Amino acid sequence: NKSMDIFREMTSYGRYVLLAVLVLFSFVQSGSTSVTHYSIPEEMKEGSVVANLANDLRRDGSKFAELILKRNLDREQQSVHNLILTAEDGGTPARSGTASVIVRVLDTNDNAPKFEKTNMNVKILENSPIGSLRFSVSNAVDPDVGSNSVKTYHLSESDFFTIEIQTGRDGSKFADLILKKSLNREQQAVHNLILTAVDGGMPSSSGTASIIVHVLDTNDNAPAFEKDSYQVNVLENSPIGSLVIHLNATDLDEGSNADLQYSYSLYTSEKAQETFYLNPITGEITVKGMLNYEDVKLYDMEIIATDKGDSVLSGQCKLIINVEDMNDNHPEISIKSFKSPVNENIELDTVIAVVSVSDKDSGDNGIVDLKIPENMPFKLRESSDNYYELVVSESLDREKVPEYDITFTVTDRGSPPLSDNETMTLELLDVNDNVPQFPQSFYTIRVMENNAPGALLSSLTAFDPDLHENQYLVYFIIEKEIANTSMSMLFSINPENGNLYALKTFDYEIEKEFLFHIEARDSGSPPLSSNVTVHIIIVDQNDNAPVIVSPWRAHGSVVEEKIPRSTDKGSLVAKVIALDTDSVHNSRITYQFLQVTDATLFSLDQYNGEIRTMRMFSYRDPRHQRLVVVAKDNGQPALSATVTIKLSTVETAVKAYSDMTEMPLEYDIFSDLNLYLVIGLGSVSFLLLITILVTIVLKCQKPKPSKTAAPCRNSVISERNSTIADSTLVSNDAYWYSLFLAETRKGKLVVRQPMPKGSRYIVSSIPRGTGLTDTSDSAVTKVTVWHCCDLSLTTSPLYDYR
């Protein structure tokens with residue numbers, strides 16, 4: 001096989017020489033042996049006769065031999081077959097002879113050319129010169145020989161490459177790949193070619209191989225940015241590390257020739273380099289320092305991209321970064337002038353303050369609005385660009401609002417808006433524009449009678465909402481005389497604090513009330529004042545004991561009375577009447593027995609003091625009866641008075657007296673009284689009518705309060721009149737009493753009559769023998785009544801005569 005391989009590689013001439021040498025060598029080796037050569041085609045079919053050996057060897061004999069092909073031949077595997085033919089006779093010993101037969105297999109074109117490498121990779125620099133460089137490719141191999149071997153090569157169509165066929169020393173054919181056009185890796189980095197080898201057989205056969213030409217890069221392209229200049233916007237106050245832009249330069253080369261590095265050019269300012277960071281690997285520009293629109297609004301810079309090739313190439317671009325304004329600056333307020341304090345009566349439209357506002361931002365972020373709180377007596381008035389005046393828009397009153405905290409709020413129109421505020425305090429100075437004020441317009445002060453002189457009655461303190469001297473008050477009693485007595489003689493007021501004092505001890509039974517005015521005056525300029533009405537009511541104490549006015553006692557406290565022993569049950573024996581000059585409550589009197597000889601004989605009405613018989617006298621009853629009656633008022637503690645009545649029973653004398661005088665006395669007295677009553681009732685009715693008319697007129701006119709205080713409805717005025725006899729009592733009682741005219745045998749008159757409130761009545765108890773004509777023992781005592789106020793009598797008085 002190795003010999004066959006060597007033989008295939010030899011040229012046709014060399015093959016002929018080799019065959020000749022082999023034939024000669026065979027003759028030398030065989031000596032006398034004959035050699036016969038045969039040539040047969042390798043495509044001869046199995047069973048075909050190769051040669052008739054007897055004829056070819058020219059041997060005489062009866063036997064002959066044929067050389068027959070047992071199987072198909074393959075010249076490429078074995079081109080020569082050396083056979084030894086032996087002929088043997090039938091003798092004994094047998095003799096034989098040999099002959100050498102050489103069968104040569106003739107080549108047929110049964111093999112196509114074949115490349116040892118069907119895929120060939122070729123590398124070539126893209127800047128290789130045209131035709132100056134050949135690239136040897138692997139030759140094709142064809143097992144056939146002669147004209148059936150490789151005859152030529154063909155290259156697939158290509159604009160850049162061609163082949164040139166070369167013939168070797170042994171006659172073999174091979175091809176060289178030649179560059180016919182300049183290469184550009186960036187346009188086509190790989191070229192795929194097909195190389196075909198064709199033999200010279202009939203018909204010819206061929207074989208192919210793939211040639212992949214890799215164009216190797218050279219640094220022939222500079223980095224390039226997508227744009228020559230870029231312009232981006234970035235918000236001020238963007239956080240550190242925020243991405244501004246990602247610059248991406250491209251290099252059509254590859255490998256280190258396309259490995260780029262970014263940097264600032266010398267034309268980029270230091271401020272820009274300090275503010276923005278350029279990543280040299282990625283080309284990202286991020287925020288490095290604080291951005292402030294108000295400081296720098298625009299950054300102009302130049303960026304360079306450089307590759308890492310042997311011959312360094314670079315490209316550049318311009319970058320403009322616009323800083324966008326953010327609403328990051330609060331509006332500012334500047335108080336140019338502020339007037340404080342001011343008088344509370346300051347005029348309207350007076351300028352209180354001048355304020356200026358500003359904002360460093362731009363656009364809407366720099367437009368500001370100034371406001372003050374609503375419901376304030378001030379308003380803002382724009383005087384010039386960003387200047388405002390604060391003026392008074394409503395009247396001021398320090399007593400309502402002593403000072404104002406005015407907050408100026410400035411707000412821009414950014415989104416979101418920012419604001420700032422400034423608060424100023426405006427103080428108001430007091431003006432004496434308020435009169436002193438008393439908590440009440442009318443004071444009613446009750447003073448217990450028998451008070452100690454100098455006692456504090458009340459504190460009449462007024463209030464003035466003004467300040468300082470406008471608030472300092474002085475108190476006076478407005479002078480007024482009552483019964484020739486000045487109020488300052490009765491009362492005193494502290495000028496500094498309004499404390500009212502009594503200068504004397506009051507007696508309810510003499511003075512029941514006082515009405516006057518107190519004035520409070522401030523110390524302003526001019527001073528202002530106001531007054532208040534003070535009503536002093538003297539409150540009654542139970543300081544007067546009841547006085548028994550009936551039955552009348554001349555000396556001591558024992559009254560002697562005589563009563564017929566035949567007196568019927570229920571007859572009036574005596575009537576005890578007591579008067580109390582105290583007030584209504586204290587003057588309510590009740591009667592009761594303190595001592596009685598026989599409790600079953602007499603009864604005492606606790607309200608009207610009537611003593612009546614509970615039964616008729618019997619012969620067992622003592623002749624003398626002793627009754628002790630106590631009259632007690634309703635005060636605390638209660639006061640009382642007692643009277644002792646000694647009753648003596650008589651038989652006929654009294655009866656005869658009664659029979660003789662009863663009827664004429666009744667007639668005479670009744671007749672006189674009718675006349676008196678008619679006159680009295682007429683006078684009272686007339687006075688009552690006049691009083692009603694006067695009252696109606698006064699009510700309609702609504703006159704000013706009188707300087708002389710009228711007594712109140714429930715007040716009681718009691719006094720001792722020195723012009724009246726000691727036995728006369730003047731009283732004004734709020735209660736109504738029944739009037740009884742009765743004449744006892746001692747000549748005592750008992751009066752008790754219903755009286756309207758506010759009336760004054762005088763009861764005179766006049767003993768017999770005072771100048772009156774005594775017609776009998778039962779003569780009527782004179783009754784004298786004075787009226788100082790309205791007085792009305794009941795139309796049906798009850799008269800009881802004894």
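## Briefing: salt bridges, rings and buried spots

Lysine 575 and glutamate 610 are both buried. They also pair up: lysine 575 forms a salt bridge with glutamate 610, with 3.7 Å between the closest N and O atoms. Lysine 575 sits in strand 43 and glutamate 610 in strand 47 (residues 610-613), so this pair ties together parts of the chain that are 35 residues apart in sequence. Keep in mind that this is a predicted model. Here's a quick tour of the rest, by topic.

**The chain as a whole**

- There are six helices and 54 strands in the chain.
- Of the 802 residues in the chain, 40% are buried.
- Take the contacts between residues at least 6 apart in sequence: 66% of them join residues at least 24 apart.
- The chain exposes about 45500 Å², and 52% of that comes from carbon and sulfur atoms.

**Salt bridges**

- The structure has 15 salt bridges.
- Salt bridges with shared partners tie Arg185, Glu186, Asp217 and Glu254 into one network.
- Arginine 565 and glutamate 651 meet through their side chains in a salt bridge, at 3.7 Å from N to O.
- Arginine 565 is in the loop between strand 42 (558-564) and strand 43 (572-575), while glutamate 651 is in the loop between strand 49 (640-650) and helix 6, so the pair ties together parts that are 86 residues apart in sequence.
- Arginine 565 has a relative accessible area of 15%, so it counts as buried.
- Another salt bridge joins arginine 413 to aspartate 369, where the closest N and O atoms are 3.1 Å apart.
- That pair links distant parts of the chain, 44 residues apart: arginine 413 is in the loop between strand 30 (403-412) and strand 31 (419-429), and aspartate 369 is in strand 27 (residues 368-371).
- Both partners here are partly exposed: arginine 413 has a relative accessible area of 47%, and aspartate 369 comes in at 29%.

**Aromatic pairs**

- The structure holds eleven aromatic pairs.
- In one of them, the rings of phenylalanine 438 and tyrosine 443 have centres 6.5 Å apart and planes at 80 degrees, so the pair is edge-to-face.
- Phenylalanine 438 is buried at 13% relative accessible area, and tyrosine 443 is buried at 8%.
- Phenylalanine 491 and phenylalanine 514 make an edge-to-face pair too, 5.5 Å from centre to centre with 80 degrees between the planes.
- Phenylalanine 491 belongs to strand 37 (residues 491-493) and phenylalanine 514 to strand 39 (residues 513-522), so their pairing ties together parts that are 23 residues apart in sequence.
- Phenylalanine 491 and phenylalanine 514 are both buried.
- Ring pairs extend this into a cluster made of Phe491, Phe506, Phe514 and Phe516.

- You'll find asparagine 329 in the loop between strand 23 (314-324) and strand 24 (332-338).
- With a relative accessible area of 17%, asparagine 329 is buried, because the cut-off for that label is under 20%.
- The side chain of asparagine 329 makes polar contacts with two aspartate side chains: aspartate 328 at 2.9 Å and aspartate 361 at 2.8 Å.
- Setting aside residues up to four places away in sequence, asparagine 329 touches Glu294, Asp359, Lys360, Asp361, Asp412 and Leu418.

**Serine 356 in its strand**

- Serine 356 is part of strand 26 (residues 351-358).
- Serine 356 is buried, at 9% relative accessible area.
- Apart from neighbours within four places in sequence, serine 356 is in contact with Glu332, Ile333, Ser334, Lys336, Asn386 and Tyr387.

- Phe686, Leu687, Leu689, Ile690, Leu693, Val694 and Leu698 make up a nonpolar surface patch of about 650 Å².
- One of these residues, leucine 698, is in helix 6 (residues 652-701).

Methods:
Residues are numbered from 1 along each chain as its sequence is written. This is a predicted model: local features need pLDDT of at least 70, side-chain atom pairs count only at pLDDT 80 or more; totals for chains, interfaces and linings use all residues. Side-chain values use heavy atoms; hydrogens and water are left out. Patches are made of residues with over 30% relative accessible area and no salt bridge: like charges are joined within 9 Å, nonpolar side chains (Val, Leu, Ile, Met, Phe, Trp, Tyr) within 5 Å. Accessible areas come from the Shrake-Rupley method with a 1.4 Å probe; for residues, only the protein chains shown count as cover. A salt bridge is a side-chain nitrogen of Lys or Arg within 4 Å of a carboxyl oxygen of Asp or Glu. Helices (H or I, at least four residues) and strands (E, at least two) are DSSP runs, numbered from the N terminus. Buried means under 20% relative accessible area, exposed over 50%, partly exposed in between (1.4 Å probe, protein chains only). A polar contact is a pair of N or O atoms within 3.5 Å; within protein, one must be able to donate a hydrogen and the other to accept it, and residues adjacent in sequence count only if both atoms are side-chain atoms. Contact means heavy atoms within 4.5 Å. Rings of Phe, Tyr and Trp (its six-membered ring) pair if their centres lie within 6.5 Å; planes under 30 degrees apart count as stacked, over 60 as edge-to-face and the rest as tilted.
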